[in-house]
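Colleague: I am new to this structure. Could you walk me through the model?

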Amino acid sequence: MPELYPWQRFHWNSLMASQARKRMPHALLLAGPVGMGKRDFAANLVQALSCEDPQEGGQGCGFCSGCRLQRAGSHPDNMNLFPQEGRQTISVDQIRQVQTHLALKARQSNVKTVTILPAEAMTLNAANSLLKVLEEPPGKTVLILVTAIVSRLPMTIRSRCQRLLFSPPHQEEAQLWLRQRLPSSRERELKILLTLVGGAPLRALQYAEQDFLSLRKHFIKNLFFLAQDKADPLEIAQNHLKNDLGEPLYWMSTLVGDILRLKSGTSGKFLVNHDIADSLQLLAERTDFKMLFALLEKIDRDLWLWKGQISVNPQLLLEGLLIQWFWCFSEVNHEYT
């Protein structure tokens, strides 16, 4: 059974109270940044609704036939909808399968569920088709839409769902959770891990387990070499295409954002990349707002394209950004430490 995380307790207790009053919403929109455990929350909720003997807190028992079928992914009343293999979107034909699924009588439990993730992957036609289901849900159904980019969903979809916003927990709570899962030797990294990922605990754990801090350090070092005309943007792009391009784009976005903050007089301790504040201050002193905003706009646009899984050439995309980075900071003459 997936873990129910401490920062999800409020939403969980609220839904279980609704369930006890037999007033469970027919459509839920689980929204929030990546790394908050929204998918696990949805899985726990579906299992709770399928369980024949729920525990005191409402979670599934894990032993009844409903829980076992749900855990095996073969529960006849529950449906998960993802982009099909080799595709980047959820099609209108898949939503028609949802309509067929909900039209049939429940066979195992009292409630039929559909989980759609990522919900923003629905095409416009698919979203319009789902709208009919949301407006006239058949029988006892619960639709769970999971998204990290809620703005990509049509307003008509958003307005017909009860939204549960998963915001990052307090840093002390997140650090306590991470401390229980990482060796004590990484204690000093907890704060920077959480700051880099916007406070999302699961993403911070992924950063630690996959050694993203080392990859980030190597990438930033290359950016500073590039600013000094000591590195080739094409070579840097080829090296970093071996990994998911999303993280290098995110790192560039936070770096430029921090440089803009420094130029505006913000203290280094409030930066996302506060561990390299001194080096960023030197960059801030040798460029201007116009070039920085132009670079930030390009990074955010390319990051939007990448996250939106719109067909792009990753090598050309990264090369273009690196070349613009070079032009923005090419006058800088200092060493990155």
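Modeller: A term comes before the numbers: pLDDT is the predictor's confidence in each residue, from 0 to 100. This is a predicted model, in which local features need pLDDT of at least 70, side-chain atom pairs count only at pLDDT 80 or more, and totals for chains, interfaces and linings use all residues. Residues are numbered from 1 along each chain as its sequence is written, and side-chain values use heavy atoms, leaving out hydrogens and water.

Colleague: What is the mean pLDDT of the chain?

Modeller: Of the residues in the chain, 97% reach 70 or more. Residues 332–337 have a pLDDT below 50. The mean for the chain is 90.

Colleague: How many helices and strands are there in the chain?

Modeller: Both are DSSP runs, numbered from the N terminus: helices are H or I with at least four residues, strands are E with at least two. The C-alpha atoms fill a box of roughly 70 × 45 × 35 Å along the principal axes. The chain has 15 helices and five strands.

Colleague: What percentage of the residues count as buried?

Modeller: Buried means under 20% relative accessible area, exposed means over 50%, and partly exposed lies in between (1.4 Å probe, protein chains only). The chain has 337 residues. The buried share is 49%.

Colleague: Is S18 buried or exposed?

Modeller: S18 is found in helix α1, residues 9–20. Leaving aside residues up to four places away in sequence, S18 touches R23, M24 and P25; contact means heavy atoms within 4.5 Å. Its relative accessibility is 11%, so S18 counts as buried.

Colleague: How are α4 and α5 oriented to each other?

Modeller: Two packed helices are described by the angle between their axes and the distance between the axes. Axes are lines fitted to C-alpha atoms, for helices over the stretch in contact, with angles from 0 to 180 degrees between N-to-C directions. For α4 (residues 92–103) and α5 (residues 124–135), the axes come within 8 Å and cross at roughly 15 degrees. Angles under 35 degrees count as roughly parallel, over 145 as roughly antiparallel, 65 to 115 as roughly perpendicular and the rest as oblique, so α4 is roughly parallel to α5.

Colleague: Which residues of α5 meet α4?

Modeller: On the α4 side, the residues are V92, I95, Q99 and L102. On the α5 side, they are N125, A126, S129, L130 and V133.

Colleague: And how is α11 oriented to α15?

Modeller: Helix α11 covers residues 233–240, and helix α15 covers residues 314–329. Their axes lie 9 Å apart, at an angle of about 135 degrees. That makes α11 oblique to α15.

Colleague: Which peptide bond is cis?

Modeller: Most residues other than glycine have a negative phi, and most peptide bonds are trans. Here, P118 sits in the loop between β3 (112–116) and α5. With omega about -10 degrees, the cis bond joins L117 and P118.

Colleague: What is phi of D229?

Modeller: D229 lies in the loop between α10 and α11. At 57% relative accessibility, D229 counts as exposed. Its phi is positive, in a residue other than glycine, and near 60 degrees.

Colleague: Is D211 exposed or partly exposed?

Modeller: D211 is in the loop between α9 (201–209) and α10 (212–227). D211 is not a glycine, yet its phi is positive, about 55 degrees. With a relative accessible area of 36%, D211 is partly exposed.
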